[in-house]
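The points are meant to be read with the structure open.

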Amino acid sequence: MSFEVPCGGATALLGPNGAGKSTTLKILAGLLKPDGGRASVGGLEAGSEGARRISGYLPEDPEPYLALTVRENLEYMAALRGVEDWGWVDELVDALELRRFLRYKASSISRGIRQRLAVAMALVHKPRVALLDEPLNYLDVPSQEAVVALLESLGPTVLVSTHILSVAERLADEALIMSGGKIVWRGPLAEVPGAREKGLEAAVAEIIRRGP
Amino acid sequence: MSLLALVVKSRFTGPYVILLGVSTAYITLQALLMPKLDLAPFALAAVSLAALITALAVLGGGPLVLRADLDFLLQAPVDRRALAASLYAAQLLLYWPFFLYVISMSLLTPYLGLAESLAASLALTALAVSASISFYRLPLKLRIPAAGALGVWLISPALGWPYAPTSALLGYPEGLVLAATAAAALSFLALSELEKLESYADVRGGAELSGGEISFRGNGPIRAIYMLKLYNVSVVGRGAWGGVQYRTGRVGMGKLVLAVSAASAAYLAASMAYGGPIPAIVAVFAASATSASLMGAGAVANERLWISAASLGLRYMRHMLLAIAASAAVFVSPLAVAGAAAWLLGYRYGLGVAVAALGQIPPFASIYAYLFSIVSPYQIKGEHTWPLRVGLRTFALSLSAFSSFVAGVAAIASPAAGLYASAVLYAILLAISLRRPLEKSLESLVLNGFV
């Protein structure tokens with residue numbers, strides 16, 4: 001597969017379970033090495049120090065350090081990222097409504113609050129490229145809106161993996177539909193063939209079923 | 001297939017069960033064929049080991065109930081008593097390998113015949129399993145003194161007190177009676193606990209406020225890594241002996257150093273009072289086992305690699321391994337001081353204890369943490385614990401733990417040999433901090449769903 005996301009653009013990776021969406025994100029985040037080919041982030045080799053510096057990765061079902069508090073998790077990640085703008089960290093805390101949980105252990109907070117914390121940890125260094133795997137999982141509607149607003153205000157290049165079409169519509173300008181490790185369709189979701197007649201979900205399912 | 005067979009099959013691999021059977025048969029045969037040796041230290045080591053295993057089981061154990069049991073098994077129309085009994089029997093199988101060590105040591109001594117030794121070991125295994133389940137609901141603040149009191153009681157026969165279950169290993173009939181009675185009483189509690197499986201489905205209470213916090217503000221990345229490991233020691237339930245869920249906690253380094261200081265003072269007193277190598281061996285074994293279980297369980301496999309390795313890559317993992325060694329060095333340092341003091345006071349094995357404490361335990365803690373990260377993919381988050389997934393790598397892990405203990409004993413026998421073993425262990429630590437081994441560890445964790 002071969003694709004690129006334009007600077008400042010937002011693309012959604014769609015596809016069935018096992019299509020390779022999360023693996024693609026892990027390769028771009030430098031956590032896995034590709035068997036072959038080349039992956040780069042902002043023109044830098046994926047996994048290189050430069051690429052790591054400019055990107056922020058959020059996996060599916062992320063877990064913070066459970067023995068640390070919400071504040072410690074955020075500060076630890078900020079320190080690892082060399083963040084000097086602590087005012088921004090405070091803004092992040094307020095934007096994601098984490099302030100009243102700061103002193104709570106991460107093991108004892110709910111899944112939704114843990115997801116908000118994970119989003120904050122992934123964005124704590126204002127990444128230029130955000131690699132997000134199901135970022136709105138577990139979030140209530142106001143929290144989903146807070147994450148969307150945060151991404152809009154930061155304006156990073158976004159690559160989001162999801163199988164929920166409404167999330168893709170909310171976060172991305174265009175979609176890459178994957179099946180069997182290959183891209184089978186690319187374009188704005190509004191232009192998915194057959195979407196108007198059958199509905200978006202049915203049309204996307206049809207493309208996936210047809211395969212590469 | 002019977003319920004017991006199903007429960008066992010859902011928890012253990014075939015090779016694990018076969019290995020248990022073969023090991024038990026081998027040890028039994030060895031006991032029948034080998035002449036008895038008059039080695040009192042082996043019997044005392046068996047008592048100490050049984051006490052340590054039981055205390056650790058109370059401290060960090062719990063019922064061997066998997067998440068899949070809560071999600072699926074509870075819905076099945078099975079008799080709850082039969083299910084509780086099957087779960088209990090499966091947990092006996094989990095603990096049996098640890099007590100095989102105890103049996104193998106006690107069988108070499110002249111105190112017990114084969115039948116008494118097997119009976120004592122079975123009763124002590126049941127006692128450990130029952131205590132681990134019965135005390136599971138207690139908050140950690142109560143479990144710590146409970147584990148301590150039980151451990152002291154069980155180790156007391158090593159100091160001449162016969163009225164404890166472990167005195168059965170020294171041939172006291174009252175010990176066997178006490179072991180059987182205590183195991184039976186606690187088994188009753190444990191089985192009734194296992195009948196209340198539904199209550200495990202939601203064990204989490206409300207959000208929990210933390211006490212003292214660390215401030216990472218104004219620190220660079222490398223300093224932050226060392227702060228994380230030097231201010232606190234994380235304790236993670238996943239590496240424990242079974243358990244309902246993934247549990248985490250942390251102990252402040254100050255408190256840990258205080259606890260180790262108290263234990264080291266006890267070691268110093270014992271070495272002065274009794275002489276001989278046993279206090280030194282017990283101290284080194286306890287320190288090795290504790291540091292490995294603390295640092296192994298709370299280390300690489302439990303790192304949040306999705307953000308830490310994504311931020312700093314292999315550099316993060318390298319510093320984390322070194323920080324683990326530094327952390328272990330800090331909390332075992334009281335033992336090194338006590339060893340050196342004992343040596344200066346004329347206890348010849350004290351120097352070896354000091355060498356083992358600073359030369360071997362810190363690099364071993366890191367090596368164990370690394371190996372744990374390779375083995376951990378056998379676990380599923382919050383599910384299996386490593387003894388259940390037996391493979392070559394699991395053996396490597398066990399072998400490394402055993403080798404470290406042997407190296408510690410070598411240091412006690414000869415500090416020069418201990419220094420040599422330390423140099424080898426530090427060289428291994430540096431070797432696993434190189435790019436390739438770290439890549440292997442990261443890949444193993446990422447590919448197996450730890451990120």
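1. For the classes used in the next points, Ala, Val, Leu, Ile, Met, Phe, Trp, Tyr, Cys and Pro count as nonpolar, Asp, Glu, Lys and Arg as charged, and the others, Gly among them, as polar. The model is predicted.

2. By these classes, the lining of the second largest pocket holds 18 nonpolar, 12 polar and five charged residues. The volume of this pocket is about 900 Å³.

3. In total 35 residues line the second largest pocket, and those nearest its centre are A:Phe3, A:Leu28, A:Arg38, A:Ala39 and A:Ser40. Two or more lining residues come from each of helix H1 (21-28), strand E2 (40-41), strand E5 (129-133) and strand E6 (157-161) of chain A. With four residues, H1(A) gives the most to this lining.

4. On chain B, the residues B:Leu56, B:Leu59, B:Leu140 and B:Ile144 make a nonpolar surface patch of about 320 Å². Helix H3 (40-60) and helix H7 (140-155) of chain B are the elements that give two or more residues to the patch.

5. Why does B:Ile144 count as partly exposed? Its relative accessible area is 48%, and partly exposed covers the range between under 20% (buried) and over 50% (exposed). B:Ile144 sits in helix H7 of chain B.

6. B:Ser444 lies in helix H17 (residues 435-447) of chain B. B:Ser444 counts as buried because its relative accessibility is 10%, and buried means under 20%. The C-alpha atoms of B:Ser444 and B:Ile374 are 6.3 Å apart in space, while the two residues are 70 residues apart in sequence.

Technical notes. Residues are numbered from 1 along each chain as its sequence is written. Chains are lettered from A and ligands numbered from 1 in the order in which they are written. This is a predicted model: local features need pLDDT of at least 70, side-chain atom pairs count only at pLDDT 80 or more; totals for chains, interfaces and linings use all residues. Side-chain values use heavy atoms; hydrogens and water are left out. On a 1 Å grid over the protein atoms alone, a cavity is a set of points where a 1.4 Å probe fits but cannot get out, and a pocket is an open set with protein on both sides within 12 Å along at least five of seven lines; lining residues have an atom within 4 Å of a point. Grid points are joined across faces, edges and corners, and a volume is the space filled by probe spheres set on the points. Patches are made of residues with over 30% relative accessible area and no salt bridge: like charges are joined within 9 Å, nonpolar side chains (Val, Leu, Ile, Met, Phe, Trp, Tyr) within 5 Å. Accessible areas come from the Shrake-Rupley method with a 1.4 Å probe; for residues, only the protein chains shown count as cover. A salt bridge is a side-chain nitrogen of Lys or Arg within 4 Å of a carboxyl oxygen of Asp or Glu. Buried means under 20% relative accessible area, exposed over 50%, partly exposed in between (1.4 Å probe, protein chains only).
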